[in-house]
Amino acid sequence: MKFGQQLRTSLIKDYYYYYISYDDLKTDLKTRLHPPNSSSPHVWNEEDEKAFVQVLEAELDKVFTFQKVKSGEIVRRIKVSQKEVEDVIKLLDSREEVQRPTENDFEMLEEDLSDIIADVHDLAKFTQLNYSGFQKIIKKHDKQTGWTLRPIFSARLNAKPFFKDNYDAFIVKLSRLYDLVRTRGNPTQGDSSAGGAQQNFVRQTTKYWVHPDNITELKLIILKHLPVLVFNANKEFEKNDAAISSIYYDNRDFDLYLGRLRKDEGAEAVRLRWYGGMETQQIFVERKTHREDWTGEKSVKARFALKEKNVNAFLQGGFTVEQAFEKMRKEGKKTEQEIESLEALAQEIQYTVITKRLQPVVRSFYNRTAFQLPGDARVRISLDTELSMIREDNWDGRIRSGNNWRRTDIGIDYPFNQLAASDIERFPYAILEVKLQTQAGQEPPEWVRELVASHLVEAVPKFSKFIHGCATLYPNKIDLLPYWGPQMHIDIRKPITHRFGIERPNQSVSASTSDELTDSEDEDDVPSRLQTQTPVNGTNGTNGENVTHTGGNGAMDEEERVAAQAPAGHEDYPLYDSEDDEDEDGSSVDEASPLIRRGRITRRQVIKSLQRGGEHLLHYLSYLIPHPRSTQVDIPAARSGTVYARKFRAPPGKRIFVPVRVEPKVYFAAERTFLSWFEFAIILSAVATTLLNFTGDSRGTLLYASLGFTVTAVASLIYAAGLYVWRVNMMRSRRAVRYHEKYGPTVLCVLMVVALAVNFVGAFGGHV
């Protein structure tokens with residue numbers, strides 16, 4: 001969809017006259033370049049540029065003024081609603097039954113707050129659409145006129161930054177008010193630190209990417225079900241309160257990176273984390289340990305707190321564990337057993353840092369909005385925005401952190417424009433984490449299931465900020481990449497999930513902001529994640545690389561989509577192919593052309609017909625080769641025409657690592673398969689020996705039959721031994737390859753049939 005059409009279909013009627021006049025600007029640009037009464041194109045000059053910029057500035061002023069007025073209106077409405085809610089809550093303690101608020105009072109307040117939430121959503125949508133409009137018209141101007149306007153007009157946009165308005169303060173206030181109204185003045189009470197006092201905690205976590213266009217809408221949807229978690233309710237919300245920074249440690253060999261990427265049993269990640277600005281004195285030292293399911297244990301995160309002034313000494317071994325917890329013992333707030341557990345953790349981390357020579361490698365920074373009922377960890381949702389990964393090492397000769405545990409030339413001043421491009425990776429999406437603690441057999445809440453299956457999110461299982469930061473910031477040192485690396489260029493926006501979104505009272509669901517914002521001239525800049533095409537003859541495509549998926553949006557991630565499909569042809573899991581060059585077939589078959597043309601059959605048509613016949617013959621013969629069959633699962637139906645690309649390639653010289661679960665039972669299965677082949681070979685060798693004993697001194701057919709069985713037995717032994725060794729090596733290296741026997745059983749069966757045929761021919765011919 002072109003942006004002009006998308007703007008016309010997505011604009012809000014009440015805001016109609018305040019949007020950027022995108023079509024008028026396009027017409028003005030076209031008219032100046034191609035005057036109606038002129039046969040030749042007009043050369044763009046300074047006068048044209050001045051006139052166009054003047055019109056553009058008028059549009060900018062119109063949008064900026066409206067956004068400022070509307071934002072002020074929302075602030076005033078929130079203040080009025082806050083007073084009304086507080087007045088109603090006070091009446092709950094009234095002794096007189098007449099003065100107590102009724103259910104109708106709360107419903108009216110909820111409607112008012114829902115209307116304000118819809119206004120915030122509409123304003124965010126208005127801002128996003130207009131900002132996209134300015135960017136696209138400037139790009140069109142630069143491309144068609146040859147004059148460069150983008151850098152100059154960017155400064156004017158920054159002078160009237162309607163697109164930089166932060167809605168987090170609105171969201172925090174609306175969340176508190178909506179929670180009070182929803183709970184009828186009895187909000188859930190509990191520990192607002194939400195795990196801050198917990199040292200060890202285990203959660204089932206699923207991660208999703210969220211496009212920037214959908215962030216505000218997603219927050220507004222969640223706050224209707226879960227309140228925003230505020231650590232200090234008595235303090236006015238500030239942006240610094242949401243900032244989280246972490247320093248990840250590793251060595252020059254990236255042992256921790258590789259362990260976490262491969263999901264090795266016991267793989268660790270060591271990081272130092274703080275909340276807020278650089279002035280924060282409390283630093284949390286954390287260790288995340290991966291545990292395989294077959295061990296019966298769960299992956300766990302454990303941490304303890306240190307004063308910032310003691311961090312360097314602790315990591316170098318100069319500050320002992322006893323000193324670190326001396327004050328805690330004197331205060332007596334924790335039991336001796338808890339303190340001993342923390343001391344053991346600190347001792348292990350200190351030993352790991354010193355023996356493995358760990359150094360600061362990557363800093364992650366983001367602003368987190370957490371949604372959770374205080375003291376209730378059954379459902380916890382966090383949304384991390386403005387995610388940035390920053391280099392912390394000194395390995396290339398540049399001093400960053402020096403001898404300190406972190407670099408001090410930056411703080412939390414996103415977007416960190418003072419840093420070189422090679423030192424920072426600004427992640428293009430927000431990270432949504434859904435953390436559930438449900439009992440066995442218990443389903444997550446319905447609204448959570450609808451949320452993660454909607455068009456607003458894209459599932460990315462096992463995504464890691466540490467792994468992504470290392471893979472992108474150290475391209476010359478790391479050759480093994482995570483599976484999502486080659487997919488970063490794909491646009492994750494999806495078609496709208498109808499009947500899901502922000503709902504204004506007594507109206508239908510508001511339109512989403514996640515429509516495709518593509519223009520005909522920009523299609524090469526933003527590759528589409530979901531392509532719509534008509535399958536040929538009901539198949540999944542013409543080259544085996546695209547698969548029509550019958551699942552719903554967000555129901556399956558890329559790995560699951562591929563796993564649900566049987567591999568096509570002779571490809572070994574093409575999703576994980578990391579070859580430098582891709583085979584291309586230059587020939588093409590014109591399926592639409594008739595076989596008979598002008599009353600006669602041409603030589604080329606005969607060749608094509610023979611080729612098609614041969615392909616069909618090979619296709620049916622391929623069924624003789626055993627292939628693994630995927631497990632049939634019930635998946636919600638997808639929109640017709642939805643096609644998912646299943647082939648991704650790593651950059652030259654790199655490999656994509658795909659998590660492959662290898663448990664002890666897998667090795668046992670490989671051993672049992674080898675023993676089965678071994679048993680088959682022993683039986684064949686026994687048959688061959690028996691036949692050989694009956695031959696005596698004769699050299700008849702029986703001798704050749706015995707020789708055939710002997711060759712088959714030896715071939716099966718060699719094949720089984722080689723296959724077993726290969727499988728074990730692949731399992732140890734956790735390679736995603738075909739583990740089934742593709743040709744061996746067929747070849748050995750053919751040899752068996754030949755040996756039996758020789759035996760029977762000799763027996764019936766009397767040559768035995």
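**Salt bridges, a charged patch and a covered helix**

Arg262 has a relative accessibility of 29%, so this residue counts as partly exposed. The model it belongs to is predicted. The side chain of Arg262 meets that of Asp264 in a salt bridge, with 3.0 Å from N to O. Asp264 has a relative accessibility of 22% and therefore also counts as partly exposed. The boundaries used here are under 20% for buried and over 50% for exposed, and the value for Asp264 is 22%.

The chain around this pair has 768 residues, and buried residues make up 43% of them. Its secondary structure consists of 19 helices and 16 strands. The accessible surface comes to about 41,400 Å², and carbon and sulfur atoms account for 52% of that area. When contacts between residues at least 6 apart in sequence are taken, 77% of them join residues at least 24 apart.

Side chains of opposite charge can pair when their charged atoms come close. The structure holds 40 salt bridges. One of them is formed by the side chains of Arg400 and Asp423, again with 3.0 Å from N to O. Both partners sit in the loop between strand 8 (379-391) and strand 9 (424-426), and the pair links distant parts of the chain, 23 residues apart. Arg400 and Asp423 are both buried.

Another salt bridge joins the side chains of Glu458 and Lys494, at 3.1 Å from N to O. Glu458 lies in strand 11 (residues 458-459), while Lys494 is in the loop between strand 12 (480-482) and strand 13 (531-532), so this bridge ties together parts that are 36 residues apart in sequence. Glu458 counts as buried because its relative accessibility is 5%. Lys494 has a relative accessible area of 1% and is therefore buried as well. Elsewhere, salt bridges that share partners form one network of Arg391, Asp393, Asp396, Arg398, Arg400, Arg407, Asp409 and Asp423. The pair of Arg400 and Asp423 described above has both of its residues in this network.

Charge also gathers on the surface. Glu84, Glu107, Glu111 and Asp112 form a patch of negative charge there. Helix 4 (residues 103-145) gives the most to this patch, with three residues. Glu84 is placed in helix 3 (residues 46-91). The relative accessibility of Glu84 is 34%, which means that this residue counts as partly exposed. A patch residue needs over 30% relative accessible area and no salt bridge, and Glu84 has 34%.

Helix 7 (residues 215-223) is mostly covered, with nine of its nine residues buried. Its buried residues are Ile215, Thr216, Glu217, Leu218, Lys219, Leu220, Ile221, Ile222 and Leu223. The list includes the charged residues Glu217 and Lys219.

Phe694 has a relative accessible area of 66%, so the residue is exposed. Phe694 is twelve residues from Ser706 in sequence, and their C-alpha atoms are 9.8 Å apart in space.

Notes
Residues numbered from 1 in each chain as written. Predicted model: local features only at pLDDT ≥ 70, side-chain atom pairs only at ≥ 80, totals over all residues. Heavy atoms only, no water. Buried < 20%, exposed > 50% of the residue type's maximum accessible area, 1.4 Å probe, protein only. Helix = DSSP H or I, 4+ residues; strand = E, 2+ residues; numbered from the N terminus. Patch = residues over 30% accessible without salt bridge, like charges linked within 9 Å, V, L, I, M, F, W, Y side chains within 5 Å. Areas by Shrake-Rupley, 256 points an atom, 1.4 Å probe, with all protein chains shown as cover. Salt bridge = Lys/Arg side-chain N within 4 Å of Asp/Glu carboxyl O. Charge placed at Lys NZ, Arg CZ, Asp CG, Glu CD. Contact = heavy atoms within 4.5 Å.
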